Amino acid sequence: VQLQASGGGLVQAGGSLRLSCVASGSITSINRMGWYRQAPGKQRELVAVIGSGGTPNYADSVKGRFTISRDSAKNTVYLQMNSLKPEDTAVYYCNADVWNYGWPLSRNYWGQGTLVTVSS
């Protein structure tokens with residue numbers, strides 16, 4: 001299973017970006033999908049997650065500005081980021097809990113990360 005993230009870049013404060021992450025490989029189903037970020041010198045933190053039923057959860061720092069969504073038929077998760085702030089600058093990683101027939105439990109996978117830089 002591989003997760004391929006895209007959509008990062010350089011944007012001015014107040015601008016918007018949309019991240020995408022596609023899961024590929026042997027996949028029967030995906031439960032939770034989400035986005036995390038890691039700023040320089042800081043620990044990786046949760047940004048937003050979405051369950052298989054579509055229920056989202058957000059970090060307090062992004063509520064009202066970011067929207068997570070998914071297309072289960074395409075094994076894809078999105079993160080629409082609006083009103084970006086310099087403190088949103090980080091490498092953003094996608095994450096997914098994947099299950100295949102024969103597995104007793106789902107397995108957790110990470111994407112390679114995409115850099116988001118917000119200039120002031």
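Trainee: In which sense do S1 and strand S3 pair?

Mentor: In this predicted model, strand S1 covers residues 2-6 and strand S3 covers residues 17-24. Gln-2 stands opposite Ser-24 in S3. Over five bridges, the sense in which S1 and S3 pair is antiparallel.

Trainee: Which residues of strand S1 make up its covered face?

Mentor: In a regular strand the side chains alternate between the two faces of the sheet. The uncovered face of S1 holds Gln-2, Gln-4 and Ser-6, while the covered face holds Leu-3 and Ala-5.

Trainee: Is Val-98 buried or exposed?

Mentor: Val-98 lies in strand S9, residues 90-99, and its contacts beyond four places in sequence include Val-1, Ile-27, Trp-103 and Tyr-109. Ser-26, another residue that Val-98 touches, is 72 residues away in sequence, yet the two C-alpha atoms are 9.1 Å apart in space. Because its relative accessible area is 0%, and the cut-off is under 20%, Val-98 is buried.

Trainee: Which residues do salt bridges that share partners join into one network with Asp-88?

Mentor: Asp-88 forms a salt bridge with Arg-37, with the closest N and O atoms 2.9 Å apart, and this pair links distant parts of the chain, 51 residues apart. The side chain of Asp-88 also meets that of Arg-65 in a salt bridge, at 2.7 Å from N to O, so this second pair ties together parts that are 23 residues apart in sequence. Both Arg-65 and Asp-88 are buried. Through shared partners, the residues joined with Asp-88 into one network are Arg-37, Glu-45 and Arg-65.

Key:
Residues numbered from 1 in each chain as written. Predicted model: local features only at pLDDT ≥ 70, side-chain atom pairs only at ≥ 80, totals over all residues. Heavy atoms only, no water. Buried < 20%, exposed > 50% of the residue type's maximum accessible area, 1.4 Å probe, protein only. Helix = DSSP H or I, 4+ residues; strand = E, 2+ residues; numbered from the N terminus. Pairing = 2+ DSSP bridges. Contact = heavy atoms within 4.5 Å. Salt bridge = Lys/Arg side-chain N within 4 Å of Asp/Glu carboxyl O.
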